[in-house]
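User: I'd like to talk through this structure with you, one question at a time. Could you walk me through it?

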Number of protein chains: 2
Amino acid sequence: MADEVILLDSWPSAFGMRARIALREKGVEFDMREEDLSNKSPLLLKMNPVHKKIPVLIHNGKPVCESLVIVQYIDETWGPESPLLPSDPYERAQARFWADYMDKKMDSAGRSALWLTGEAQEVAKKEYIEFLKVLEGELGDKAYFGGERFGYADVSLIPLYAWFYVFETLGNYSIVEECPKVVAWASRCMQRESVAKSLPDQYKIYDYFLAVMKKRRAQ
Amino acid sequence: MADEVILLDSWPSAFGMRARIALREKGVEFDMREEDLSNKSPLLLKMNPVHKKIPVLIHNGKPVCESLVIVQYIDETWGPESPLLPSDPYERAQARFWADYMDKKMDSAGRSALWLTGEAQEVAKKEYIEFLKVLEGELGDKAYFGGERFGYADVSLIPLYAWFYVFETLGNYSIVEECPKVVAWASRCMQRESVAKSLPDQYKIYDYFLAVMKKRRAQ
């Protein structure tokens, strides 16, 4: 029986992008179903009753939720010959740490930079670039976060890149000036078909963000 | 060469407890060093420059940070004959999902219930018990979150138990009445030496909490 793989997703979601990249890295065919997050489908509510969030991977009818859990599930289920996580336990821990860093630091700073106003927004914008500089320092002269090979930390972090133009425009800074190594790493990742196919165009994300902001302000 | 294993920790920390339990499950000798979180040690700041938080596991001089990353590192480094994570990828994903549930839901509701005031605190107290009821439902008639064996999700969730008396007193509810299966599961876990040795007494945590609250209010 062929695997049935469905991804409940939303195209601008950095978390959804992680799952898309991992599936493409492993050469898994999947049916990406776009969710309307203002009117979630019964399937989404049934498959992720706890968080009610995308992405949800449905593999032969069984759901896996939370993007980093999904990426690890994909890594452990398909293509053992091209693992995303390294085999050494210490390197695995480092990869997990940096993947988690996006969720703990970048995501909240990013949301605050986008949605707060006034002084709190200014603080968040500065925080966002400071957090990126931590990634710049960690990257150093390595090609990827794990060294020479594209892996788990890269899959988890590269979706940030799709939102760079939004943050640059909003924050009035140039990320390439502040974090040239991060931008070079992002370009390197974008040369992979799995990444290029999974990340939407930065300007499309910007237009999306403007539309959402306009809608929120009108409410 | 014998392994040198140091755990930078703080005894009331639910996150620290996870690392302690995992080390004891694997029979690893370790040196637990209590940190003064109001005056963090140079070693902590050096070993976890990104988050500056406990717990930090230092294995032969190399740091591993973030409690769930630490527990997985311990599981992959020691005692492969008694794994905490199951071998099946789908069961592994479920275990990771429930471990992460504590960090995403219980932790923030718990902090809000403890530190907010007025209406916001009432909402958080109700949320805390609602989130526990989700665990009650997931547990069902299973002995442990993964089924018959104590494992990764249990290690990650059982530290909640050490704080139950604080939440019951504060929230004016009886957790055993609301979530009898969770309490029965906790008692089952407490029969393990690894857990009993790693969780402080509930009344000691309560006294600690009262002292911290008194200090904050005086400031």
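**Interface, sheets and salt bridges**

Analyst: Across the interface of chain B and chain A, 10 residue pairs are in polar contact, both residues at pLDDT 80 or more; a polar contact is a pair of N or O atoms within 3.5 Å, where within protein one must be able to donate a hydrogen and the other to accept it, and residues adjacent in sequence count only if both atoms are side-chain atoms. This is a predicted model, in which local features need pLDDT of at least 70 and side-chain atom pairs count only at pLDDT 80 or more, while totals for chains, interfaces and linings use all residues. Residues are numbered from 1 along each chain as its sequence is written, chains are lettered from A and ligands numbered from 1 in the order in which they are written, and side-chain values use heavy atoms, with hydrogens and water left out.

User: Which element gives the most to the side of chain B that touches chain A?

Analyst: Happy to start there. On that side of chain B, β4 (62-65), α3 (67-77) and α4 (89-115) each supply at least two residues; helices (H or I, at least four residues) and strands (E, at least two) are DSSP runs, numbered from the N terminus. The residues of this side divide into 13 nonpolar, 4 polar and 8 charged, with Ala, Val, Leu, Ile, Met, Phe, Trp, Tyr, Cys and Pro counted as nonpolar, Asp, Glu, Lys and Arg as charged, and the others, Gly among them, as polar. The element that gives the most, with 12 residues, is α4(B).

User: What is the area buried between chain B and chain A?

Analyst: The contact (heavy atoms within 4.5 Å) takes 25 residues from chain B and 25 residues from chain A. Buried area is the accessible area (1.4 Å probe) that two parts lose on being put together, summed over both. Carbon and sulfur atoms give 64% of a total of about 2,300 Å².

User: How many salt bridges are there between chain B and chain A?

Analyst: Side chains of opposite charge can pair when their charged atoms come close. The rule asks for a side-chain nitrogen of Lys or Arg within 4 Å of a carboxyl oxygen of Asp or Glu. One such pair is B:Glu76 with A:Arg96, at 3.2 Å from N to O. Over all chains the count is 32 salt bridges, and between chain B and chain A it is 6.

User: Which residue forms a salt bridge with A:Lys26?

Analyst: A:Lys26 sits in the loop between α1 (14-25) and β2 of chain A, and its partner lies 49 residues apart, in helix α3 (residues 67-77) of chain A. The closest N and O atoms are 2.9 Å apart, and the partner is A:Asp75.

User: Why is one side of β2 and of β4 in chain B left without a neighbour in the sheet?

Analyst: In chain B, 4 strands form an open sheet with mixed pairing, in the order β2-β1-β3-β4; two strands pair if DSSP finds at least two bridges between them. β2 (31-34) and β4 of chain B stand at the edges, so each has a single partner strand.

User: Which residue takes a positive phi in the hairpin of β3(B) and β4(B)?

Analyst: Strand β3 (residues 56-59) of chain B pairs with β4(B) in the antiparallel sense over 4 bridges. Within this pairing, B:Leu57 stands opposite B:Val64, and B:His59 stands opposite B:Lys62. The hairpin has 2 residues between the strands, and the one with a positive phi near 50° is B:Asn60.
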